[in-house]
Amino acid sequence: MADEKGPGGTGKTGPGNEDVANLRDDDLERRRRELGAKLATRRPDRLEGEDTGQTRSVSGYAQAFKLSSEFIAAIAVGIGIGWVLDRWAGTSPWGLIVFLLLGFCAGILNVLRAAGLVADFGRGGKRSGGQD
């Protein structure tokens, strides 16, 4: 097994073994192409050369901004309606308090709907129970 090239002749191709090195390179290239083809069939949604790390973080920031703005908008609308009702009916501060709480609840419901955790039952969506 051991000769002048070392144990089993590993690690050295020498001047007479160029075809062995080419066979190894060809085999590695063939295996790389096969692996690339397998990965492409398992992940068809990813485009070649796409930087998904940065797009995921940007998408996450966009989703967070959308959810927080929906929550804040619902509270602001509740405060606005309560303030107008208090000025019109003279029931200060009860209208503001009641509509602030209603706006808070509406904001939570909007965030849950936007995140897909609650069905769109109140928006004309069909029930998922099979009953119509």
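Predicted model: local features only at pLDDT ≥ 70, side-chain atom pairs only at ≥ 80, totals over all residues.
Residues are numbered from 1 along each chain as its sequence is written, and side-chain values use heavy atoms, with hydrogens and water left out.

**View 1. The whole chain and its confidence.** The mean pLDDT (the predictor's confidence in each residue, from 0 to 100) is 78, and 64% of the residues reach 70 or more. Among the elements, H3 has the highest mean at 93, while strand S1 (residues 2-3) has the lowest at 52.

View 2. The structure holds one aromatic pair. The ring centres of Phe71 and Phe104 sit 5.5 Å apart with their planes at 70°, so the pair is edge-to-face. For the cut-offs, ring centres must lie within 6.5 Å, with planes under 30 degrees apart counting as stacked, over 60 as edge-to-face and the rest as tilted. The pair links distant parts of the chain, as Phe71 is in H2 (residues 52-89) and Phe104 is in H3, 33 residues apart. Phe71 is partly exposed at 24% relative accessibility, and Phe104 is too, at 39% (buried is under 20% relative accessible area, exposed over 50%, partly exposed in between, using a 1.4 Å probe and protein chains only).

View 3. The structure holds five salt bridges (a side-chain nitrogen of Lys or Arg within 4 Å of a carboxyl oxygen of Asp or Glu). One of them joins Arg31 and Asp27 at 3.9 Å, N to O; both lie in H1 (residues 18-42), four residues apart, about one turn of the helix. Glu29 pairs with Arg33, their closest N and O atoms being 3.7 Å apart. Glu34 and Arg30 meet at 3.0 Å, N to O. Because Glu34 and Arg30 are four residues apart in H1, about one helical turn separates them. Salt bridges that share partners join Asp27, Arg30, Arg31 and Glu34 into one network.

Definitions and conventions. Helix = DSSP H or I, 4+ residues; strand = E, 2+ residues; numbered from the N terminus. Phe/Tyr/Trp six-rings, centres within 6.5 Å; stacked < 30°, edge-to-face > 60°.
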